[in-house]
Amino acid sequence: MIHVRWSGFLSRLSRYWPYILGAGVLVQLTGLLFNNDGSRYATQLYLLLFAPALLLLLSRRLSVETWRQLPACLLLGLCAWVLLCGWLHPGVAKGVGYWFKITGLLLLYVFAVASLVRQPRVFVGVLTAAMAMAVLFAWLTLYYQFGVLDKPLDYQAMRFAGRLSELGWNGFANLKHPIVAGLYYGVFATLAIGLLAGFPLRTWQAALLAAGICGLFAYILLTFSRGAWFSTATGCLAMLLLFPSRRSRLLLGAGALLLLVALFVFWPEIRHERQVGLSSRGLIWDEWARRFPVFWLTGAGAGANFAFTFPPPFDWSVKHAHSLYLQLWYEYGIVGILLFVALLASLLWKGWTCRTEPLARVGLALLAFAMVAMISDVYAIFHRPSPYWVVFWLPVGILLGVRQPSSARETA
């Protein structure tokens with residue numbers, strides 16, 4: 001009797017799961033804008049995303065077809081290595097239970113996204129709704145910071161004391177740091193460019209979307225995060241190249257012209273940014289290279305801090321290598337970094353082979369965004385839900401879910 005009831009429940013769930021998971025993924029993508037309490041955000045994700053994803057996974061008998069592809073096998077191998085390092089490595093920062101929980105949640109998340117990708121109308125609706133929320137909060141932030149709080153739009157004042165990272169009212173849209181805020185909104189700017197370039201829109205829709213893109217770009221610019229600038233530029237360029245059309249060519253031309261104008265108008269500010277350079281990241285990376293013989297093979301342990309104190313006249317320290325690639329190698333050794341690079345390569349290859357599917361092209365552009373962001377700004381991907389999940393694990397889930405049109409027809 002219990003088995004019959006359980007089967008009936010799972011059967012009813014299967015009819016509504018795209019909308020249930022869609023709501024959960026939407027909360028994951030935009031909940032950071034509405035929640036000023038991390039525990040509330042986590043509770044929402046457990047109830048609206050992780051629990052339904054687990055039920056769906058069980059009802060599909062672990063969805064073997066999702067994990068049978070090369071990128072998924074490499075992802076499972078990487079997660080297994082993280083668990084092994086979290087269990088056996090003497091330098092591990094937290095217990096194996098923590099790493100089991102984190103890897104389990106990540107796998108449920110990419111499974112949920114991959115499953116939604118196979119319902120393209122629902123998934124595109126989720127991405128569009130999330131992008132609309134990001135646009136709204138970007139414009140609200142610009143209005144509140146410069147219209148209500150009357151902050152000066154001066155380069156020196158903004159660069160050193162006024163970089164954007166939060167709305168500034170009641171804790172809404174507080175991303176904690178300008179770099180994180182720039183990367184988070186950069187994901188949605190990339191999505192917006194893809195929607196504008198690659199999807200059929202009416203004139204009023206294109207105009208409204210263009211206004212939203214302007215707000216996102218202005219927010220990203222005023223975070224003064226050069227990593228976010230270059231990541232967004234890479235993601236948007238990839239979108240325009242992957243969706244070739246008259247509109248994308250116009251956008252490329254307009255972007256090139258705007259860049260030339262910006263170089264002329266803001267040349268003193270650009271020269272100053274060049275003088276700032278890598279913001280002392282070179283010293284961190286030099287120290288990483290100096291310690292390399294110690295950790296290169298087995299790593300320093302899952303979650304291990306890369307503690308480094310800057311020499312005088314600096315009086316501050318850091319806890320990570322300011323590059324995800326270097327930090328992963330530091331924590332998980334040669335096996336971990338090789339598995340991670342192989343995962344990236346396999347995702348790129350799969351996206352390219354499936355490029356006839358629009359969502360594959362979206363996933364490729366977002367992955368290009370993430371790969372640039374991880375050079376200097378993203379510091380961790382194996383941790384609790386955060387904006388970095390939007391930056392990296394969202395495109396991973398998209399590319400795991402896309403299929404060749406022939407494969408989709410055979411499975412249908």
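Begin by selecting helix α6, which gives four residues, the largest share, to the lining of the largest cavity. Helices here are DSSP runs of H or I with at least four residues, numbered from the N terminus. This is a predicted model, in which local features need pLDDT of at least 70 and side-chain atom pairs count only at pLDDT 80 or more, while totals for chains, interfaces and linings use all residues. Residues are numbered from 1 along each chain as its sequence is written, and side-chain values use heavy atoms, without hydrogens and water.

A cavity is a set of points on a 1 Å grid where a 1.4 Å probe fits but cannot get out, and lining residues have an atom within 4 Å of a point. The space in this cavity is about 140 Å³, taken as that filled by probe spheres set on the points. Colouring the lining by class gives nine nonpolar, two polar and no charged residues, with Gly counted as polar.

Then move to α13 (residues 281-295) and α14 (residues 324-353), whose axes, come within 11 Å and cross at roughly 20°. Axes are lines fitted to C-alpha atoms over the stretch in contact. The two helices are therefore roughly parallel, a term for angles under 35 degrees. Select W285, W288, R291, F292 and F295 of α13 with L326, W329, Y330 and G333 of α14 to show the contact, defined by heavy atoms within 4.5 Å.

Note on methods
On a 1 Å grid over the protein atoms alone, a cavity is a set of points where a 1.4 Å probe fits but cannot get out, and a pocket is an open set with protein on both sides within 12 Å along at least five of seven lines; lining residues have an atom within 4 Å of a point. Axes are lines fitted to C-alpha atoms, for helices over the stretch in contact, and angles run from 0 to 180 degrees between N-to-C directions. Angles under 35 degrees count as roughly parallel, over 145 as roughly antiparallel, 65 to 115 as roughly perpendicular and the rest as oblique.
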